[in-house]
Amino acid sequence: MRVDAHHHVWDLSVRDQDWITGPGLRPLRRDFTVDDLRPEAAAAGIGRTVLVQTVTVAEETPEFLGLARESELIAGVVGWTDLTRPDVADELARLRELPGGRYLKGIRHQVQDEPEPDWLLRPDVRRGLAAVAAAGLVYDLVVLPHQLPGCVRAALDHPELTFVLDHLGKPPIADGALEPWAGDVRALAALPNTVGKLSGLVTEADLARWTVDDLRPYAETALAAFGPGRLMFGSDWPVCTLAASYTQVVAVSEELTDVLDEGERADVFGGTALRVYRL
């Protein structure tokens, strides 16, 4: 079973995606549906996926759970809820009781948009993270490189919670810099309750002129830090289409993991996601 552990969908007639602004993102300003993804995934040999939140709107997660209930492709949902609300534990329980609630596997917040580098360490956020752990869910981290030290401290504070680093913390691939990103990723990966997601790399590189060699140092850093048993493939479709097609992203990820044996690659392309998200 090959798993794409990170993709999105949206319908602009239901809700605007207010982050899609400017000419660079214009190709994303249209609907992207599960029906659009299905043939792409099939062509790449992907049998199951994890659908990940895009906006901090409470209505999105129930909608995604409904999609998962109706689709043979979506095996899990990483949704959103306000971690700072006092009744966050009750809200997580409510989501689990909705139609399709069994597909809720994790929670994510757009920490990359928070001005506080240590947003994850706020007392109200820490209470929310504890509730996520108590609900048996994982927490996806979508952060910028300067926020990685805060992720390390949060993971230390919550050893009972599994943290999944989306897009490897968005390394500065276009600039060609490895540090301090690499050191911070190694510090995070040194904690046993952390997992990396091999996703979103092509859009951190030069969108028009990236090469596999541009991405390789960052993938090698993650492989060495997390190991294949704590690393999972994600396409980041449709955002990836700014730089590469779905099939290209899968092929590039296979090339970036060509040093692995068959069992190790099976972990990256399915086993890790199946275990971590309990698909």
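Let's start with a single side chain: in this predicted model, the side chain of D140 makes a polar contact with the side chain of Y277, at 2.8 Å. The side chain of D140 has another such partner, the side chain of K197, at 2.9 Å. Where does D140 lie? Look for strand β5, which covers residues 138-141. Is D140 buried or exposed? Its relative accessible area is 0%, and buried means under 20%, so D140 counts as buried. If you set aside the neighbours within four places in sequence, D140 is in contact with H6, V78, I107, R108, H109, V164, D166, K197 and Y277.

Next, follow the chain into the loop between β6 and α6, where you will find L168, K170 and P180. L168 has a positive phi, near 55 degrees, and is not a glycine. K170 is not a glycine either, and its phi is positive at about 55 degrees. L168 is buried, with a relative accessible area of 0%, and K170 also counts as buried, at 18% relative accessibility. As for P180, the peptide bond that leads from E179 to P180 is cis, with omega near 5 degrees. You can find another cis peptide bond from W237 to P238, with omega near 0 degrees. P238 sits in the loop between β8 (231-233) and α8.

Now move on to helix α6, residues 181-189. Which residues of this helix are buried? They are W181, A182, D184, V185, L188 and A189. These residues cover an arc of only 165 degrees around the axis, so they lie on the same side of α6.

Finally, let's look for empty space inside the model. Rolling a probe the size of a water molecule over the atoms shows where such space is left. How many cavities of 30 Å³ or more are there? The count comes to 1, and the largest cavity holds about 100 Å³ of space. Its lining is made of 14 residues, and those nearest its centre are G200, L201, V202, V249 and S253. By type, the lining residues divide into 8 nonpolar, 5 polar and 1 charged. Helix α8 (residues 246-256) gives the most to this lining, with 4 residues.

Conventions: Residues are numbered from 1 along each chain as its sequence is written. This is a predicted model: local features need pLDDT of at least 70, side-chain atom pairs count only at pLDDT 80 or more; totals for chains, interfaces and linings use all residues. Side-chain values use heavy atoms; hydrogens and water are left out. Buried means under 20% relative accessible area, exposed over 50%, partly exposed in between (1.4 Å probe, protein chains only). Helices (H or I, at least four residues) and strands (E, at least two) are DSSP runs, numbered from the N terminus. The arc is that of the directions from the helix axis to the C-beta atoms. A polar contact is a pair of N or O atoms within 3.5 Å; within protein, one must be able to donate a hydrogen and the other to accept it, and residues adjacent in sequence count only if both atoms are side-chain atoms. Contact means heavy atoms within 4.5 Å. On a 1 Å grid over the protein atoms alone, a cavity is a set of points where a 1.4 Å probe fits but cannot get out, and a pocket is an open set with protein on both sides within 12 Å along at least five of seven lines; lining residues have an atom within 4 Å of a point. Grid points are joined across faces, edges and corners, and a volume is the space filled by probe spheres set on the points. Ala, Val, Leu, Ile, Met, Phe, Trp, Tyr, Cys and Pro count as nonpolar, Asp, Glu, Lys and Arg as charged, and the others, Gly among them, as polar.
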